[in-house]
Each structure stands twice: as C-alpha cells, then as structure tokens.
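Hi,

Here is the structure I promised to pass on. Have a look at it first, and my notes follow below.

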Amino acid sequence: MKKKILALSFSLVLLMGLLSACGGGGNNAAGGGTNGAGAGNGGTTDDSKPVTINMFTASPEYTDAFNAYIAEYKKVKPNVTINLEIMQSDYNTVLKSRIAAGSTPDVFQTTAGGDIDTFAEYSADLTDQPLAAAMTDAVRANMTSSDGKVLGLPVKGNLFSLIYNKDLFEQAGITTFPKTTAELDDAIAKLEAKGIKPFANAYKEWWVWKHVFQHFVNAAAQDKGVTSKDLVNSFIAGDAKIKDYPVLYNNFFDFVDKTVKHGTDKPLERDSNAQISDFATGKAAIMVGKGAWDEEAIKKISPDIKIGIAGYPVSDKPEQATIITGADQALRINKDSAVVNETIEFFNWLYTSDYGKSWFSNVAKVIPPIKDAPLPELDMPKQMNEILQSEPSGDLAINYSLDTFHQKFGEIMQAYIGGSKTKDQAVTEIEQAWVQLGSAQ
C-alpha cells in the first residue's frame, strides 16, 4: 500500500518537499509530544511548553468555522498554536507529495470509507479515545479501517439528496416530490408546462457524479439482495457487470439523460457555484448531485427560498427513493507527529466539550457527527431528521470505493454527456476503473 502513496514523479516530490518545508508535523521541533512506540496514546501533555500543530485540509467552505474553534482552543490551551492551511485544487496530489517527502502534516484530510485503509499506516489509532466514543454509530463505521480501528475523525455529518424549490413545485401543481421514475417524468412535464426548467446541473465537477450514482448503486444492491458494500466489492474484484443490473445500466443513464435534456444549458460548463446560482435565482427547480452543505450558499442569494429535500427516484419502487446520510470526509492525525498527543487532546476537546457540541450546529452549521449535539437551525437537516423518523437512510455507498475511482468515473460521465463516448463505452471504462482504482489493496 505504501508503494501506491509513494508512486509519484521524482521531480514532483522534490518540488513539494521544498514547498512543505514550513509544514510537516513529522519534523516539528515545537514538540512536547511523544514519538515512536508511545505515540498516539493520547497521554499526558506539558502545558508549559509551546506546541505548534500543523493542520492541512481541503474544505475551504469551513475556513471561518475552523478558525473559530482554533481561537476558542487557544483560550483553553494558551501554549498550543494551530496553523491551518487549506487547499482545494490539487489537494490530494500535494498531500501525497508531502507524505512521500517525509513531511506529513500533523492533521490532514482524506475521504472516509476506503481511504481510511489507504492512509492507515500514517494515521493514529483513535479507537479508545473519547472522540471515538462520541461519534454516532454510523459515523464511527465510516471512520473505521477494515481491521476494526478508528483511524479518522469526521469533518461533519452529511446529507445527500435531491434539493428542490417548493414554490416552483407548487406553481406546477406538484404536491409531493416524485418517488418513482414514472412520477419523475410526470413532474418534469408539469414543470415545463409552466415554463420552469426542471434541473440545475453542475456536471463540470467530477465529484457530483458520485453523489448521484450512489443512489442507484443502493437500489441495484437491494434488487440483488446484497449489501451495497458487497456489490461494490464485486465490481472492484471484476466479478460484476453493470449490464446485469438494470438500475445501473438503464435507470442511471436514463436519469442522467433526463437531467441534461431538461436541465440548464451547457451542463459541462456549469460548476457548483453556477448550479447554486441557477437554483437560488429560480432558473431551475431541482439541484442534482449535492447535499446539505449548500443550504447556506443558496440562502445567501435567496434568503426566503423554500427548500425541500428528497431521495432520487431510481426505479418503479418508491421505497428505493431514499436520502443518504453519514460522513464522507475524515481528518487524520499523523501517528508519527512530534505533537501527536497534543493533537489528540485537541480533538478530544472538540468532540466532547460543550463548545464542541455547539460548534457543529451553531458555528459550522453542519449536521453533527457526534451524539447529543443539536441540529443546526437550517431547513435541510431538520427535514432530514423528520424523514428519518419514518424512512431508513440509504447507505453511503461512495465510501466503499476510493476517490481515485470516483474522479475517473466523473471524467467518463463527462465524456458520455459530451458525446465522445457511447453508453456501452462508458460502462466498459467504468468497470475497468473500478478494478484498477477502486480499492486501496
């Protein structure tokens, strides 16, 4: 597995080694922590010594929120300084380069699920820490390696669903969001009869594709009587074919075709911000491939918009139209950091203190990944909570494949809707990508 992380060009490693000279926790002399065999035990720390923790993340949307808890922790531990570095473009490449150069940050971010194993050898074992006990059961599972160790801590809880404009649906005479493919076709016709564009897309972004596809993966697994994890593993092993799953071969591609035909113009040129603008200004009624993280951005543009959430109509079975919840992004604590104990102590504080419990809801305004924390005062989390009282959550199937696969998947689907690949060509390449890129093993 280490070879996969280190398989980067020599020139890139040299370059990033220079860039990271100001960063890596493995070379942090500000110490006070414990290296070697005792590292990662969350042991006692010395409050009299200055400590610097370097934190490298890929979530610019939470910059202010991260800085807020960093400032609050300074009041608790005046000797601890936390340097926050955030990068979105090329984050994964830069992270792997820093690891290869021996400059692994004290805290770094990866996706959850399969990537928990990918970076296992660089991650502190948090299994017996208070922060692990504080996580909800579903979130803890997303942070757990294949050998049962908690090796990550969630950035946030999450919600994946279709997002729709209730007022536009009401104008079209649609009282409930469709749960089947036939009902979706009827809703599209009613919206267009009122001059309303049904779909706002962001297909320039590779990552929105995985958020759509996972809903269909869950339905395909249900139809075969297996778990989503087992189905994904069978594709990774090369033992499954998309054509044998009608929900994937027919329904998924039909849905994508509908969103393009009945969606905003030039879908490959519409990024996430453009999609949010299209939806918030009433240019389209449904946002595809997104989730709870977009509510604040939408309401900054249109504060009075009435937002609804719904599962994807993936088949003729209404029970398969489910929202999906869980944690798809993880922070990792570098097990070889000179300040590993101080870093674990910091996150134990965040995940168990009164401030930390309120931080998720009131500062970051995200779905808390921990128990006994209030939901934020936002529409989508509240509706999620109501829906889950009577309906199950769908499985967070994206966690069973690596983002190396998901990025390739997005690129293949972009080529499909751009017309440079047929459906069968896309299917063949998706199957190949799953085998080549889907697993850390």
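Please keep in mind that this is a predicted model. I have grouped what I found by region, so you can follow along in the viewer.

Let me begin with the aromatic side chains. The structure holds 33 aromatic pairs. One of them joins Phe66 and Trp359: the ring centres are 6.3 Å apart and the planes meet at 15°, so this pair is stacked. Phe66 belongs to helix α3 (residues 63–76) and Trp359 to helix α16 (residues 354–363), so the pair ties together parts that are 293 residues apart in sequence. Are these two residues buried or exposed? Phe66 has a relative accessibility of 1%, which is under the 20% limit, so Phe66 counts as buried. Trp359 is buried as well, with a relative accessible area of 2%.

While you are at helix α16, please look at Ser361, which also lies in this helix. Ser361 counts as buried, at 2% relative accessibility. Which residues does Ser361 contact, leaving aside its neighbours within four places in sequence? They are Val366, Pro368, Pro374, Leu375 and Pro376.

Asp372 is found in the loop between α16 and α17 (379–387). This residue has a positive phi of about 60° although it is not a glycine. With a relative accessible area of 68%, Asp372 is exposed. You will find Lys266 in the loop between α12 (246–261) and α13 (272–280). At 56% relative accessibility, Lys266 counts as exposed.

Next comes helix α10 (residues 207–224). At 1.5 Å a residue, its 18 residues should span 26 Å, and the end C-alpha atoms are 26 Å apart, which agrees. Where does α10 bend? The bend is at Phe213 and amounts to about 25°. Of the 18 residues in α10, 14 are buried, so the helix is largely enclosed by the rest of the structure. Gly225 follows α10 and has a positive phi, near 70°.

Lys224, within the residue range of α10, lies over the face of Tyr245, at 5.3 Å from the ring centre. There is another lysine placed over a tyrosine: the charged end of Lys423 sits over the ring of Tyr249, 3.9 Å from its centre.

Finally, the strands. Strand β10 (residues 329–333) is mostly covered, with five of its five residues buried. Gln329, Leu331 and Ile333 point one way from β10, while Ala330 and Arg332 point the other way, and all are buried. Which strands pair with β10? Strand β3 (residues 107–111) pairs with β10 in the antiparallel sense over five bridges, and Thr111 stands opposite Gln329. Strand β4 (residues 153–154) also pairs with β10 in the antiparallel sense, over two bridges. In that pairing, Leu153 stands opposite Leu331.

That is what I have for now. Happy browsing, and do write back with any questions.

Best wishes

Notes: Residues numbered from 1 in each chain as written. Predicted model: local features only at pLDDT ≥ 70, side-chain atom pairs only at ≥ 80, totals over all residues. Heavy atoms only, no water. Phe/Tyr/Trp six-rings, centres within 6.5 Å; stacked < 30°, edge-to-face > 60°. Helix = DSSP H or I, 4+ residues; strand = E, 2+ residues; numbered from the N terminus. Buried < 20%, exposed > 50% of the residue type's maximum accessible area, 1.4 Å probe, protein only. Lys NZ or Arg CZ within 6 Å of the ring centre and 35° of its normal. Expected span 1.5 Å × (residues − 1). Bend = angle between axes of the 7 residues up to and from the residue. Pairing = 2+ DSSP bridges. Contact = heavy atoms within 4.5 Å.
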